[in-house]
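Have the viewer open as you read.

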Amino acid sequence: MAVSKLKSASRQPQGNEAAAREVAAEMLANIKSGGEAAVRDYARRLDKWEGDILVGAAEMERRTASIPGGIKRDIEFAAGQVRKFAQAQMASVREFELELAPGLVAGQRLIPVNVAGCYVPTGRYAHIASAYMSIATAKAAGVPMVIACSTPYRGEGIHPQVLYAMQVAGVDAVMTLGGVQAIAAMAYGLFTGKPADIIVGPGNKFVAEAKRMLFGSVGIDVFAGPSEVCIIADASADPAIVASDLVGQAEHGHESPAWLIATDRKLAEAVLKRVPELIASLPPTARDAAGAAWRDYGEVVLCDTREEAVEVSDRYASEHLEVHCADLDWWFRHLTCYGSLFLGEETTVAFGDKASGTNHILPTKGAARYSGGLSVHKFIKTVTWQRMTRQASRDTAQVTARISRLEGMEAHARTADDRLAKYFPKESFELGEPVRE
């Protein structure tokens, strides 16, 4: 048994975090003190935007009116798929109540947050799909107020197709803002008067750092890094399809890792040969991004057994994981660390990114070891409640008093004592030795 690398990454994506953190910290501090004026200043300087921040209904209709019907139908289809999947997620959890002891009833409630902020990036690409991935999911969770932000696109306000995707997904308010200033505006409730309870959505390293710094005062989905793909392939895989899927995700950006875990050397070598050819055939923007990503972060790992492949894959804990192997059920049962799983050649990450229904806002940088991606559950607070009769309080209070005193917490114990004294004044109870110090 052996694991070897036919290609190793020469760089690690985390290298520039310190500089991004410094920039984000300064911007957040300036916006917190300067408010909307500071946001407008950053929008003017960084995005060359001097128009209205809030996008009104009339402006939204005007900017989306000329979108061809076919494009609108595609966006409506994809948003509908995401909405259906999110609604099924909601149906998978439920509120309940349970009588734990005679007279003691406890339960669970599912309460959506009041305000969600959804960031939709528009940098190298117009991320139409990110609009409905976040907004439609929040709405399926029952969030009453969803605010979305996106960067001005080529000086003309938010990309019209991104705006239409926001509309279809059910957005309540839209701001023409990008970057750290967008995250800060949503967190502090600028322009809308509605501070976000949670902020979700992908973005560049500055957006990611801003979300991380604000976490605690607001919730966030995940701390996201560059997009990742890992493919596990055996001798039955088609090297042309495997190579295509690796390049398809490397297109995301210069720091987007693409990893192949192969159990067959011939397949691995064929993919290694094919990937540079596919990159060379891309248009300039994608060629530049994918070329750098594959050169600096691409890896090809050769394993002798499928058990080794599972171990390596779980260690990578990739954002997207494709399996191009025989016996897919075996892999489904054994793989445990991934953001989203794509089983078999017939599906691919791009399907999940755009239109199949599962969410594409997913954990990166190993976070799939402990976290899933964006779902309705991120927008839901699972809260507990209880009610009890006086008779049920009688039994619980005695145990509570004794355990509290064992812990040295006399004030806790006395809250139980006081109820027993009020409800059962003629009885005596064993309540533990009072705390003296």
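What follows covers the domains, one interface, the salt bridges and the annotated sites.

## Ground rules

This is a predicted model, so to speak of local features a pLDDT of at least 70 is needed, side-chain atom pairs count only at pLDDT 80 or more, and totals for chains, interfaces and linings use all residues. Residues are numbered from 1 along each chain as its sequence is written, and side-chain values use heavy atoms, with hydrogens and water left out.

## Three domains

The protein splits into domain 1 (17-221), domain 2 (226-372) and domain 3 (389-436); these bounds come from an automatic or database domain assignment. Taken over C-alpha atoms, the centres of domain 1 and domain 2 lie 28 Å apart.

## Where domain 1 meets domain 2

Counting contact as heavy atoms within 4.5 Å, 17 residues of domain 1 touch 18 residues of domain 2. The pair buries about 1,300 Å², with carbon and sulfur atoms giving 54% of that. Buried area here is the accessible area (1.4 Å probe) that two parts lose on being put together, summed over both.

On the domain 1 side, helix 3 (69-91) and helix 4 (128-140) are the elements that give two or more residues. Helix 4 gives the most, with 6 residues. Helices (H or I, at least four residues) and strands (E, at least two) are DSSP runs, numbered from the N terminus. By class, this side has 9 nonpolar, 5 polar and 3 charged residues. Ala, Val, Leu, Ile, Met, Phe, Trp, Tyr, Cys and Pro count as nonpolar, Asp, Glu, Lys and Arg as charged, and the others, Gly among them, as polar.

Across this interface, the rule finds 5 residue pairs in polar contact, both partners at pLDDT 80 or more. That term means a pair of N or O atoms within 3.5 Å; within protein, one must be able to donate a hydrogen and the other to accept it, and residues adjacent in sequence count only if both atoms are side-chain atoms. As for salt bridges (a side-chain nitrogen of Lys or Arg within 4 Å of a carboxyl oxygen of Asp or Glu), the interface has 0.

## Salt bridges

The structure as a whole holds 21 salt bridges. One of them joins Asp-172 and Lys-139, at 2.7 Å from N to O. The partners sit 33 residues apart, with Asp-172 in the loop between helix 5 (160-169) and strand 6 (173-176), and Lys-139 in helix 4.

## Annotated binding sites

An unreviewed UniProt entry gives "binding site" for Tyr-119, Gln-181 and Asn-204. These are spread over 86 residues of sequence yet cluster in space, the largest C-alpha distance being 12.8 Å. Gln-181 belongs to helix 6 (residues 179-188). UniProt positions are in the numbering used here, feature names are shortened, and annotations may be inferred rather than shown by experiment.

UniProt's unreviewed entry also lists Ser-227, Gln-249, His-252, His-320, Asp-353, Glu-407 and His-412 under "binding site". They span 186 residues in sequence and the farthest two C-alpha atoms are 55.5 Å apart, so they do not all gather at one spot. His-320 is in strand 12 (residues 320-324), while His-252 falls in the loop between helix 8 (239-250) and strand 10 (258-262).
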